Amino acid sequence: MSPKPYQCLDRAFGHRRGRKVSYIGHDCEDIPEFLGERYGCLARRLDLSFNQLRSLTGLKAFTGLEELVVDNNLLGNDLQLPRLPTLHTLTLNKNQLTDIEALLEHLAEATPSLQYLSLLGNEACPNQLVSLDKDEDDYQRYRYFVLHKLPTLKFLDTRKVCKTEQQEAEARGAFMKVVKPKASDMVAPGDPKSESPSTLYTPLPRGSRDGKNHKGVLAKCRYIYYGKHSEGNRFIRNDQL
C-alpha cells in the first residue's frame, strides 16, 4: 500500500531541524488542507514549486513562515497573501504576474519583514527571460521602482541591493514605473475603430470633417515655404533654372 502524502512529508520533515516543508510537483491548484493542519504551526520554510497553484489562501495556517518558494506555478495578478509578519524570503519565479505596482503594494502590506524577493520569469519583471526586446536599462528601471516600493529589500532577483541603488530608488524610483497602454486603447490595423473620425487627426474645423457633408474652408497657413531646403533643387545649376 502506497504511503499517504503526509507520511512522506513526515519523513522529509525529520526531526524538525530547519522546519522545512516541501510539496513539489504534485500539480495541485490549491494548497492542500492537510499541509496547514499538520505543519502550519511548525514550518518555517515552505516550498510549493512546480505545481498548478492559482491561489495561496491555504497559507493562513502557516503563522510563523519565514521563507516561501512558489516558483513555476500559475499565480496571477489576483494573488493574495495572508499577513506573514516574519516572512523574509519570497520567490515567485515563472508565474503569470504582470502588474508590478499592485503586487508590490500588496507585499508591502502583507510581508513587512521582506528582505529577499525574486520575480524572474514573470512579465512584471522586464528582462530577456520574458522578452527579447528588453534590455539592461529596462531591468534597472524595474529594480529602482521595486526598491522604491519595498525599501527594506536587501536582495532582488539574482543581485544584492547596493547602496547606490537604494539612494537612486529613494530619489527617482517613483518615476521608474513602466506604463503600458490599456487593451481597450490598442486598435489593430484594419480595425474599423482605427478609421473612425474620433481617432483620425485632421487640421480641418469640426464642421468640415464629415466627408458626406463637406463645406469649403478658407484659412491662412502659418508656415511659409521658401524652397531653400528642397531636395529636388540640390543638383540644378542656376543657369538651368
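Reader: Where is the place of Asp138?

Author: Asp138 sits in helix 4, where helices are DSSP runs of H or I with at least four residues, strands are E runs of at least two, and both are numbered from the N terminus. Before we go on, this is a predicted model, in which local features need pLDDT of at least 70 and side-chain atom pairs count only at pLDDT 80 or more, while totals for chains, interfaces and linings use all residues. Residues are numbered from 1 along each chain as its sequence is written, and side-chain values use heavy atoms, with hydrogens and water left out.

Reader: Okay, and is Asp138 buried or exposed?

Author: Asp138 has a relative accessible area of 17%, so it counts as buried (buried is under 20%, exposed over 50%, partly exposed in between, with a 1.4 Å probe and protein chains only).

Reader: Which residues does Asp138 touch?

Author: Leaving aside residues up to four places away in sequence, Asp138 touches Pro126 and Asp133, where contact means heavy atoms within 4.5 Å.

Reader: Switching topic, how many strands form the open sheet?

Author: The open sheet has 7 strands in the order 1-2-3-4-5-6-7, with mixed pairing; two strands pair if DSSP finds at least two bridges between them. Its edge strands, strand 1 (20–22) and strand 7 (159–160), each pair on one side only.

Reader: And how do strand 6 and strand 7 run?

Author: Strand 6 (residues 155–156) and strand 7 run antiparallel and are joined by 2 bridges, with Leu156 standing opposite Arg159 in strand 7.
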